[in-house]
Amino acid sequence: MASWNSFPLQVTYEALGWFAFFSWSISFYPQVILNFRRKSVVGLNFDFVLLNLTKHSSYLIYNASLYFSSAIQNQYYKKYGYGEMIPVAANDVAFSIHAVLLTAITLFQIAIYDRGEQKVSKISIGIVSVAWLTAAVCFFIALPTHSWLWLLSIFNGIQVSMTVIKYIPQAIFNFLRKSTDGFSIGNILLDFSGGVGNYLQMVVQSVDQDSWVNFYGNIGKVLLSLVSVLFDILFIIQHYVLYPTAKKGSKWVDSSEQDEQVREHLVTPDQTAQENV
């Protein structure tokens with residue numbers, strides 16, 4: 001089993017990991033607090049929450065299994081070498097647990113608070129169903145030969161896919177509206193900070209070990225950081241460059257008026273047809 005060659009790099013690695021953990025973790029709270037204060041989830045994309053829960057659940061399975069299971073660790077060493085370090089840290093497991101809990105709380109808020117006419121789309125339900133069905137099939141494929149490391153790569157693929165899919169609707173929505181009003185840039189800035197910290201953490205480990213196996217041995221974590229950072233950069237450009245909201249003479253609409261406007265846009269097709277008759 002590999003050990004650290006440089007104590008300063010080890011400390012830096014741990015510091016960056018917990019920095020990413022706190023940045024990502026704090027980013028969950030603004031939406032939860034907003035839902036609680038409004039006693040409403042109108043305007044929150046339910047598809048995003050469902051896809052996000054699938055993503056973080058898959059990531060938790062990967063992180064916890066690789067961090068705690070000695071059998072899976074042995075399979076990792078056999079594949080990448082006994083001189084390599086396990087590419088999952090304690091902060092990765094802590095973040096995954098926290099993310100699943102906070103996303104589940106948000107889903108619970110959707111169930112108990114005012115939802116207006118919003119529903120989870122059939123497309124989102126279909127995507128999530130296919131993801132978990134694939135995981136179940138792969139489990140039974142891996143069971144006879146105990147190919148647990150291969151199974152974890154499937155969960156890695158699921159969480160990366162969910163990461164890509166969940167950002168796309170918001171990016172298109174901002175483009176169509178030519179505005180980011182109602183979309184929390186604070187959440188994006190925290191997410192961006194966590195992604196950069198996560199990526200730098202892996203760089204520090206690779207420098208210490210003089211090996212880049214850490215990257216292709218944990219491709220899910222690498223892709224997670226890169227995809228998150230790229231989409232965060234897009235959102236930052238949309239907010240501050242393409243569609244800036246802070247302009248002279250602009251007027252902010254209070255939250256009650258915003259809620260009413262959102263409700264008006266969320267009427268069902270049948271209601272719209274009746275109004276046009």
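This is a predicted model: local features need pLDDT of at least 70, side-chain atom pairs count only at pLDDT 80 or more; totals for chains, interfaces and linings use all residues.
The secondary structure of the protein chain consists of twelve helices and zero strands. Read from the N terminus, the order of elements is accordingly α-α-α-α-α-α-α-α-α-α-α-α. The chain has 277 residues, of which 43% count as buried. Its contacts reach well along the sequence: among those between residues at least 6 apart, 83% join residues at least 24 apart.

Two packed helices are described by the angle between their axes and the distance between the axes. Helix α2 covers residues 29-38 and helix α5 covers residues 90-112; the two pack at an angle of about 25°, and their axes are 10 Å apart. Angles under 35 degrees count as roughly parallel, and α2 and α5 are therefore roughly parallel to each other. The crossing of α2 past α5 is left-handed. On the α2 side, the contact is made by Tyr-29, Gln-31, Val-32, Asn-35 and Phe-36, while α5 contributes His-98, Leu-102, Ile-105, Thr-106 and Gln-109. Sorted by class, this contact of α2 with α5 has five nonpolar and five polar residues, with no charged residues.

Aromatic rings come next. A pair of aromatic rings is described by the distance of the centres and the angle of the planes. The structure holds 13 aromatic pairs. One of them joins Tyr-76 and Tyr-77 in an edge-to-face arrangement, with 6.4 Å from centre to centre and 75° between the planes. Tyr-76 has 1% relative accessibility and so counts as buried; Tyr-77, at 7%, counts as buried too. Phe-139 and Phe-140 form another edge-to-face pair, with ring centres 5.3 Å apart and planes at 75°. Elsewhere, ring pairs link Trp-18, Phe-21 and Phe-22 into a cluster.

Three individual residues round out the picture. Ser-124 lies in helix α6, which spans residues 122-142. With a relative accessibility of 2%, Ser-124 counts as buried. Apart from neighbours within four places in sequence, the residues in contact with Ser-124 are Asp-47, Leu-50 and Leu-51.

Leu-152 belongs to helix α7, residues 148-177. Its relative accessibility is 4%, so Leu-152 counts as buried. When residues up to four places away in sequence are not counted, Leu-152 touches Ile-61, Tyr-62, Ser-65, Leu-66 and Ile-72. Leu-152 and Tyr-59 are 93 residues apart along the chain, yet their C-alpha atoms are separated by 9.3 Å.

Thr-12 is found in helix α1, which runs over residues 7-26. A relative accessible area of 34% makes Thr-12 partly exposed. Thr-12 and Leu-200 lie 188 residues apart in sequence, while in space the distance from C-alpha to C-alpha is 9.5 Å.

Terms used
Residues are numbered from 1 along each chain as its sequence is written. Side-chain values use heavy atoms; hydrogens and water are left out. Axes are lines fitted to C-alpha atoms, for helices over the stretch in contact, and angles run from 0 to 180 degrees between N-to-C directions. Helices (H or I, at least four residues) and strands (E, at least two) are DSSP runs, numbered from the N terminus. Angles under 35 degrees count as roughly parallel, over 145 as roughly antiparallel, 65 to 115 as roughly perpendicular and the rest as oblique. A crossing is left-handed if the near helix is turned anticlockwise from the far one by less than a right angle, and right-handed if clockwise. Contact means heavy atoms within 4.5 Å. Ala, Val, Leu, Ile, Met, Phe, Trp, Tyr, Cys and Pro count as nonpolar, Asp, Glu, Lys and Arg as charged, and the others, Gly among them, as polar. Rings of Phe, Tyr and Trp (its six-membered ring) pair if their centres lie within 6.5 Å; planes under 30 degrees apart count as stacked, over 60 as edge-to-face and the rest as tilted. Buried means under 20% relative accessible area, exposed over 50%, partly exposed in between (1.4 Å probe, protein chains only).
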